[in-house]
Amino acid sequence: MILLKTRWAIIRLYPMSKISYYPVVIILLFSITCTSCWSGQNKHRGTHQDEQFRTALNHQGNLPFDSNLVTDFYRSYPELKKYRDDVLKVYRQHKFTRIWFDEKGVLEFGYTLYAKEKELAGEGVFSRFPYQEKIDGIFETDRGNRLSITETELMLTNLYLYYTEKVYQGLSDSTTTAIGWLLPRKTVSYARLLDSIMSDPQSLNGNDSVLSGQYYKLRDYLKKYTLIQKQGGWKTIEPEPGVKSIKPGDSSGTVLQIRDRLFITGELKQNNKSNRYDPELVAAVKQFKLHNGINIKAIILPEHIRAMNVPVSDRIKTIIVNMERYRWISPEFARAKVYIVVNIPSFRLTLVRDGKSELESAVIVGDSLTKTVIFSGMMSSIVFSPYWNVPQSIIEKEIKPGIAKNKNYLEDHNLEWYKGVLRQKPGKNNSLGLIKFIFPNVDDIYMHDTPAKSLFGREKRAFSHGCIRVAKPRELAIDILKDDPAWTPAKIDAAMHAGVESTYSLKHKIPVYIGYQTAWVDRTGEINFYPDIYNRDERLARLLIDEK
């Protein structure tokens with residue numbers, strides 16, 4: 001049956017109208033009759049029959065084949081139908097000629113692709129190619145390739161599409177939109193990418209034209225934490241009964257456990273096995289806190305030990321879901337001359353200019369009921385001494401109850417009705433502070449100053465109604481306007497304290513990205529873990545598992 005199927009595929013591959021192909025067909029049929037199937041001969045390059053087969057096959061490496069064979073292929077392998085349109089695009093670009101063979105057999109790139117696909121776990125992908133045993137048969141001698149020539153060709157193209165989708169594209173656009181990810185998704189041209197990768201197979205190890213450098217940094221940490229897991233991970237720290245805190249100079253068995261824990265992940269470079277909380281361990285604890293979103297103080301509290309006790313398996317999961325998020329982001333955004341990134345879980349804003357972080361500021365984001373939206377926009381204007389138009393939801397929940405208790409509530413809070421809108425007048429006590437930054441969007445999210453400065457001292461800063469409060473609004477305005485000679489720091493200060501609202505339209509709009517990354521590798525090369533304040537990681541992890 002296999003023999004008849006193979007013969008039919010070859011007859012269709014070489015139409016009868018092409019008389020010059022007859023000798024090739026005869027040789028191929030003879031070879032197939034002798035061997036019955038193509039049994040992984042790339043691993044057996046010494047037999048005479050194998051040499052006959054490869055010579056007949058690969059000297060015709062650029063021959064066109066009938067596009068109808070693609071349709072036939074998906075009848076036999078229906079689980080790959082999702083790739084059909086992209087496969088046709090690939091072969092149209094190559095004028096329906098074979099891609100995966102040269103005079104020696106399957107291209108070395110085919111072997112490289114197969115090796116990378118076998119190591120998908122290292123990319124944080126744990127799904128399985130639907131016809132893995134067929135792919136294994138092409139490359140592994142002991143299994144033997146039971147596919148026809150055309151099936152082999154098309155199976156490899158589908159493997160390429162499967163690999164690039166999983167590694168470079170990730171979950172579908174509709175899925176990410178459904179989970180609230182409104183940043184623009186990058187697009188991948190699989191046909192063009194194939195030519196690029198085949199010309200430089202090493203780009204499979206790292207391709208910054210399709211994946212952000214942050215993805216590859218996280219991949220390195222996935223490898224590190226996977227190795228830690230294989231070596232047993234770290235033990236749960238069990239505090240001694242009655243100990244509520246550990247201060248520098250204290251001695252206890254808990255200190256020794258902490259020392260062992262931080263030595264495994266590298267915050268502590270040498271483990272002297274001392275049970276004393278000495279300066280070396282203090283420095284390591286501060287490093288741990290710095291990279292886990294915890295205020296950097298020497299004292300160790302129970303919540304800090306709980307953070308150290310997060311198992312390595314959970315850290316691996318966090319790395320994987322954040323690698324997935326970076327599959328969705330075009331690396332092009334980081335090539336803008338100036339752009340602003342707000343990472344919600346880290347409660348931090350970064351202004352990047354010419355590829356370097358030029359300004360960082362703590363921020364306050366939306367709470368669990370009024371989450372800050374994940375999206376991007378173009379900052380177009382700055383408003384000095386702004387009015388604050390009170391949202392109807394706040395009027396209902398806060399203002400009306402306040403008026404019911406205090407008839408002077410509006411006056412006491414510098415509020416007024418204006419053309420049917422309740423607004424707060426400019427001033428130092430205005431809820432928007434002295435300045436706001438506008439990047440138009442359907443959710444009416446913007447960045448602004450705040451009079452509640454003390455909140456920036458807290459570790460977890462999810463207090464707003466969705467907008468983003470900035471700890472350094474003046475510095476941000478100065479940096480944004482630094483190339484505009486009309487806006488000196490003195491003029492910015494005057495406009496912020498004028499008590500009269502004024503708006504300045506930027507000469508050049510600035511991209512703003514509001515993202516959600518709970519794992520991030522900083523410029524020193526250290527991984528940082530942030531709290532999953534909106535509980536998005538677990539949902540995404542389940543989606544990735546469902547993709548298996």
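Modeller: Let's start with a rule: two strands pair if DSSP finds at least two bridges between them. The strands themselves are DSSP runs of E with at least two residues, helices are runs of H or I with at least four, and both are numbered from the N terminus. What you see is a predicted model, where local features need pLDDT of at least 70, side-chain atom pairs count only at pLDDT 80 or more, and totals for chains, interfaces and linings use all residues. Residues are numbered from 1 along each chain as its sequence is written, and side-chain values use heavy atoms, with hydrogens and water left out.

Biologist: Which other strands does S5 pair with?

Modeller: S4 is one of them, antiparallel over 6 bridges, with Arg348 partnered by Ala362 in S5. Strand S13 (residues 468-470) is another, also antiparallel, with 2 bridges, and there Val363 faces Val470.

Biologist: What makes S7 and S8 edge strands?

Modeller: Picture an open sheet of 3 strands in the order S7-S9-S8, paired antiparallel. S7 and S8 (415-418) have a single partner strand each, so one side of each has no neighbour in the sheet. S8 is joined to S9 by 4 bridges, and Trp417 sits opposite Leu422 of S9.

Biologist: Why is Phe347 called buried?

Modeller: Buried means under 20% relative accessible area, exposed means over 50%, and partly exposed is in between, using a 1.4 Å probe and protein chains only. Phe347 comes out at 2%, so it is buried. Its place is in the loop between S3 (338-343) and S4 (348-353).

Biologist: And Asp354, buried or exposed?

Modeller: Exposed, because its relative accessible area is 53%, and the cut-off is over 50%.

Biologist: Why is a group of residues called a nonpolar core?

Modeller: The name goes to a set of buried Ala, Val, Leu, Ile, Met, Phe, Trp, Tyr and Cys residues joined through side-chain atoms within 4.5 Å. The largest one here has 120 residues, and Trp100, Ile340, Met379, Phe384, Met447 and Ile480 are those with the most contacts inside it. Helix H8 (residues 149-169) gives the most to this core, 10 residues. Apart from it lies another core, of 18 residues, including Leu268 and Phe288.

Biologist: What does Ile480 touch?

Modeller: A contact means heavy atoms within 4.5 Å. Leaving out residues up to four places away in sequence, Ile480 touches Ile340, Leu351, Arg353, Met379, Ile382, Phe437, Leu506 and Ile510.

Biologist: Last one: why is an open space called a pocket, not a cavity?

Modeller: On a 1 Å grid over the protein atoms alone, a cavity is a set of points where a 1.4 Å probe fits but cannot get out, while a pocket is an open set with protein on both sides within 12 Å along at least five of seven lines; lining residues have an atom within 4 Å of a point. The second largest pocket holds about 940 Å³, a volume being the space filled by probe spheres set on the points, with grid points joined across faces, edges and corners. It has 38 lining residues, with Trp388, Pro391, Ile394, Ser431 and His465 nearest its centre. H16 supplies the largest share of that lining, 5 residues.
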